[in-house]
Amino acid sequence: MSRNALYPLAAAALLFVGCIVAPVKKAVPLFDGKTFNGWEGDTVKTWKIESGAIAGGSLSETVPHNEFLCTRKPYANFILKVKFKLIGNEGFVNTGVQFHSVRSKDPAYEMIGYQADLGDKFWASLYDESRRNMTLIAPDSALIEKILKRNEWNDYEVHSQNGRIQLFLNGTKTVDYTEPDKSIPQKGLIALQIHGGGKAKVYYKDIWIEEL
């Protein structure tokens, strides 16, 4: 066999070995539907498990301040999928999915990082929590009115890869943002929020992550 004929065989062998060493990652659940395994937060008063979903907040008492239920593991590049339902009847009714974040030390219940925001005037927008304290990018309100299912279950996705962040609400892209500040961390905890200042309750279920 000639030397030239060996090249395709060598390339095929390397490809085969590469497939063995680096298998394709698959989506895995972050919530088992029964326990808070892998999560930490105020699971005494704020966060409960109800009918296979994580439930946070109250419709009878005003939530005193922001509360977050956090993963114990940090994540960098990923596709995160969740189902949420937000209901409320008084005050500021708001929630969100925190990511690339850390717990604040003062106050300890707050978080620092990106938030895939949810609630009136903030639906499916990208907020910078306890850092720049501003909405970084928001979708058109007319689009939200077409795709949002108020007081019902909705599908929400967060795609983050190397500084590019995309949000999807019920399959429609609402945000496509590239972080211009290279000092902003692109790795951290994922968390579920219930915002303070309202009689509001949020439910999350079917939480899956695919690391990229």
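Asn89 is found in strand β6 (residues 78–91); helices (H or I, at least four residues) and strands (E, at least two) are DSSP runs, numbered from the N terminus. The residue is exposed, with a relative accessible area of 55%. Here buried means under 20% relative accessible area, exposed over 50%, and partly exposed in between, with a 1.4 Å probe and protein chains only. Beyond residues up to four places away in sequence, Asn89 touches Leu59 and Lys199, where contact means heavy atoms within 4.5 Å. The C-alpha atoms of Asn89 and Lys201 are separated by 9.4 Å, at 112 residues apart along the chain.

The model is predicted: local features need pLDDT of at least 70, side-chain atom pairs count only at pLDDT 80 or more, and totals for chains, interfaces and linings use all residues. Residues are numbered from 1 along each chain as its sequence is written, and side-chain values use heavy atoms, with hydrogens and water left out.

The secondary structure of the chain comes to two helices and 15 strands. Of its 212 residues, 43% are buried. Among contacts with a separation of 6 or more, 65% are between residues 24 or more positions apart. The chain exposes about 11,200 Å², and carbon and sulfur atoms supply 56% of that area. Accessible areas come from the Shrake-Rupley method with a 1.4 Å probe; for residues, only the protein chains shown count as cover.

Seven strands form an open sheet in the order β2-β5-β14-β7-β8-β9-β10, with antiparallel pairing. Its edge strands, β2 (39–40) and β10 (134–137), each pair on one side only. Two strands pair if DSSP finds at least two bridges between them. Four bridges join β5 (residues 67–71) to β14 (residues 189–194). Glu67 has Ile194 as its bridge partner in β14.

Leu126 lies in strand β9 (residues 126–129). This residue is buried, with a relative accessible area of 0%. Its contacts beyond four places in sequence include Phe99, Tyr114, Met134, Leu136, Ile165 and Tyr177.

Arg164 is bridged to Thr178 in β13. The two strands form a hairpin with two residues between them. Asn170, in the turn, has a positive phi of about 50°.

Other loops also carry backbone features. Phi of Ser51 is near 50°, a positive value in a residue other than glycine. Ser51 sits in the loop between β3 (47–50) and β4 (53–58) and is exposed, at 82% relative accessibility. Asn133 likewise has a positive phi near 50°. Asn133 lies in the loop between β9 and β10 and is partly exposed, at 47%. The peptide bond from Asp106 to Pro107 is cis, with omega near 0°. Pro107 is placed in the loop between β7 (94–103) and β8 (111–119).

The largest pocket has a volume of about 190 Å³. A pocket is an open set of points on a 1 Å grid over the protein atoms alone, where a 1.4 Å probe fits, with protein on both sides within 12 Å along at least five of seven lines; lining residues have an atom within 4 Å of a point. The lining includes Asp42, Lys45, His65 and Glu67. It divides into two nonpolar, five polar and four charged residues.

Methods
Grid points are joined across faces, edges and corners, and a volume is the space filled by probe spheres set on the points. Ala, Val, Leu, Ile, Met, Phe, Trp, Tyr, Cys and Pro count as nonpolar, Asp, Glu, Lys and Arg as charged, and the others, Gly among them, as polar.
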